[in-house]
Amino acid sequence: MRLAFLCICLLVSPLVAQPGLEDGPEAPAREAAQAMRSRQFIKAEYIYRNMLAADPTSNTTRQLLSHALIMQGRYFEADSINRSIIVKDSTVAGSYWYLALSAERQDQYDRAVYLFDRYLDKTKGQSTQNQSAWLHMGSNLRRKMHQQGINEEEWGLMQHYYKQYLSGNPPDPYVDSLYAFLDEVRRRRPAPGTKLVWDEGQ
């Protein structure tokens, strides 16, 4: 159950949640979205590149193209797209989201948390804000706890991020297991100057 929950955080959510994006040309956009859902990432890339040829100024399509590249492991190309968008307009929140997804998939836990936090800051007060950013932030620190260990501050932040996510009453089948994790991890506060390394085994 625990591994399934983490897989949902890291794989399914990035494929479904595409925050702050405006609608593109309907037919190719639908076809590309379907390709992403069916994990045909090269096909999606091809469609998005054709859409960009028709409208080279569309940040929406550029972000979606970066997503297709991320899912192929082509992180440098994807990040270059989103950085170029932010250089021109630092308020384009979706690019922070995709930079965060890229960092997450490379196990760059701290960078991913920072970028999801920037996304939340850029979308503060907006109805389009994707609340699963809180879930991603908590899960990045959870994975860091497994692999590297987390200090007392990170231990507190991990719980805060998860609680923020849960406060929105998400329609998430893993909510109960997340509550169970929070109940267990609160008993494992690391002492000052130490780290909690816990793989959630006994």
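# An all-helix chain and its core

Glutamate 200 lies in the segment after α10, and at 11% relative accessibility it counts as buried, where buried means under 20% relative accessible area and exposed over 50%, with partly exposed in between (1.4 Å probe, protein chains only). The structure is a predicted model, in which local features need pLDDT of at least 70 and side-chain atom pairs count only at pLDDT 80 or more, while totals for chains, interfaces and linings use all residues. Residues are numbered from 1 along each chain as its sequence is written, and side-chain values use heavy atoms, with hydrogens and water left out.

**Overall make-up**

- The protein chain has ten helices and zero strands, where helices (H or I, at least four residues) and strands (E, at least two) are DSSP runs numbered from the N terminus.
- Of the 202 residues of the protein chain, 49% count as buried.
- Contact means heavy atoms within 4.5 Å, and among contacts between residues at least 6 apart in sequence, 59% join residues at least 24 apart.

- A nonpolar core is a set of buried Ala, Val, Leu, Ile, Met, Phe, Trp, Tyr and Cys residues joined through side-chain atoms within 4.5 Å, and in the largest one, with 55 residues, Tyr48, Met145, Met158, Phe181 and Val185 touch the most other members.
- The largest share of this core, eight residues, comes from helix α6 (residues 93-105).

**Helix α10**

- In helix α10 (residues 175-185), the residues Val175, Leu178, Phe181, Leu182 and Val185 are buried.
- Seen down the axis of α10, these buried residues fall within an arc of 115 degrees, so they line one face of the helix; the arc is that of the directions from the helix axis to the C-beta atoms.

**Aromatic pairs**

- A search of the whole structure finds five aromatic pairs, and rings of Phe, Tyr and Trp (its six-membered ring) pair if their centres lie within 6.5 Å, with planes under 30 degrees apart counted as stacked, over 60 as edge-to-face and the rest as tilted.
- The rings of tryptophan 97 and tyrosine 119 have their centres 5.1 Å apart and their planes at 65 degrees, so this pair is edge-to-face.
- Tryptophan 97 in helix α6 and tyrosine 119 in helix α7 (residues 109-122) are 22 residues apart, and their pair links distant parts of the chain.
- Tyrosine 162 and phenylalanine 181 also form an edge-to-face pair, 5.9 Å centre to centre with 85 degrees between the planes.

**Positive phi values**

- Most residues other than glycine have a negative phi.
- Glutamate 200 has a positive phi of about 75 degrees although it is not a glycine.
- Asparagine 169, in the loop between α9 (152-166) and α10, has a positive phi near 50 degrees, and at 66% relative accessibility it counts as exposed.
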